[in-house]
Amino acid sequence: MRQQPSARARAVRRRPFAVSAAIAGVAAAVITSVVLVAPPAQAQTDVDAAPPVASLAPLFEPVGLLAGSGVDLVAATTSHMITAATPPPPPPPPTHVCPTPDSEFIDSWGFARSGGRRHKGVDMMAPHGTPVYAPAAGNIRASNSSLGGLGFWLEGADGNTYFGSHLQSLSVREGWVEPGTPIGTVGSTGNAGGTPHLHFEVMLGGAGSVNPYPFVLDWCGGGAPAA
Ligand SMILES: [Zn+2]
């Protein structure tokens, strides 16, 4: 004969119901608080007009865990949170880069040179073999002269012309390059006097040279200009 469950057993059996009732009570309290926070008309029908995420964020999680009736609010809140968490687009790649990142340079624009000439560029001091990079996108072509030695002209896509000289080697002698394309190495060809450096010029709009110091100072991240 089946025994009647003891009072204790009945209590144990009832416990899940009691817990459920408690949970429902908590859920109801939470939902009530949500409804109190949110204007009823918006919370029920208008997802886009739901209150700011910040006011619901601390509440929506218990509602979702405890009560099915909170799903609509959770869905609305979650969609807003995903929108808010979308990361910003990455910054565009730089249009200009430092032609010799590991160099030192000063503003030597206009300094006297042999034959009554004036210095029309910036001298970026670096050891033989230091990489030289295309400072901008454009078409490059090799240059060779007694003064400049081995060098390059770069007809920039930005409308400016760039010139570099005294190179030890030139790996790209013609064709299209992007900002940062390795094009050669620092040397002391031409009249560099045995001191390896990149002589660098900027011709705005392809016209006469302008002082390139502010440009390289910017592109080289402030760099480490020589004292
Ligand atoms: Zn120079």
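## Overall fold

The protein chain contains five helices and nine strands. The model is predicted. In sequence order, the elements of the protein chain run α-α-α-α-β-β-β-β-β-β-β-β-β-α.

The protein chain has 227 residues, and 26% of them count as buried. Taking contacts between residues at least 6 apart in sequence, 60% link residues at least 24 apart.

## Confidence

The average pLDDT of the protein chain is 76, and 61% of the residues reach at least 70.

Over residues 5-23 the pLDDT stays under 50, and the model shows two contacts beyond four places in sequence for them. Residues 27-71 also stay under 50 in pLDDT, but here the model has 47 contacts beyond four places in sequence.

## Nonpolar core

The largest nonpolar core holds 25 residues, and those touching the most other members are Met124, Ala134, Ile140, Leu154, Ile183, Leu198 and Val216. Two or more residues of this core come from each of strand E1 (122-125), E4, E5, strand E7 (182-186), strand E8 (197-203) and helix H5 (213-219).

For Leu198, leaving out residues up to four places away in sequence, the residues touched are Pro99, Thr100, Ser103, Met124, Ala126, Val132, Gly164, His166 and Val186. Met124 is also among the core members that touch the most others.

## Phe152 in strand E4

Phe152 is part of strand E4, which covers residues 149-156. Phe152 counts as buried because 24 C-beta neighbours lie inside 10 Å, and the cut-off for a buried residue is 20 or more.

Beyond its neighbours within four places in sequence, Phe152 contacts Ile140, Arg141, Ala142, Ser143, Gly164, Leu170 and Ile183. Two of these, Ile140 and Ile183, are also listed among the core residues that touch the most other members. Leu170 is 18 residues from Phe152 in sequence, and their C-alpha atoms are 7.9 Å apart.

## His166 in strand E5

His166 sits in strand E5, residues 161-170. His166 has 25 C-beta neighbours inside 10 Å and therefore counts as buried. Leu198 is one of the residues in contact with His166.

The backbone of His166 has a phi near 70 degrees, a positive value in a residue that is not glycine. Most residues other than glycine have a negative phi.

Notes. Residues numbered from 1 in each chain as written. Predicted model: local features only at pLDDT ≥ 70, side-chain atom pairs only at ≥ 80, totals over all residues. Helix = DSSP H or I, 4+ residues; strand = E, 2+ residues; numbered from the N terminus. Buried ≥ 20, exposed ≤ 12 C-beta atoms within 10 Å, placed from the backbone. Contact = placed C-beta atoms within 7 Å. Core = buried A, V, L, I, M, F, W, Y, C linked by C-beta atoms within 7 Å. pLDDT = per-residue confidence, 0-100.
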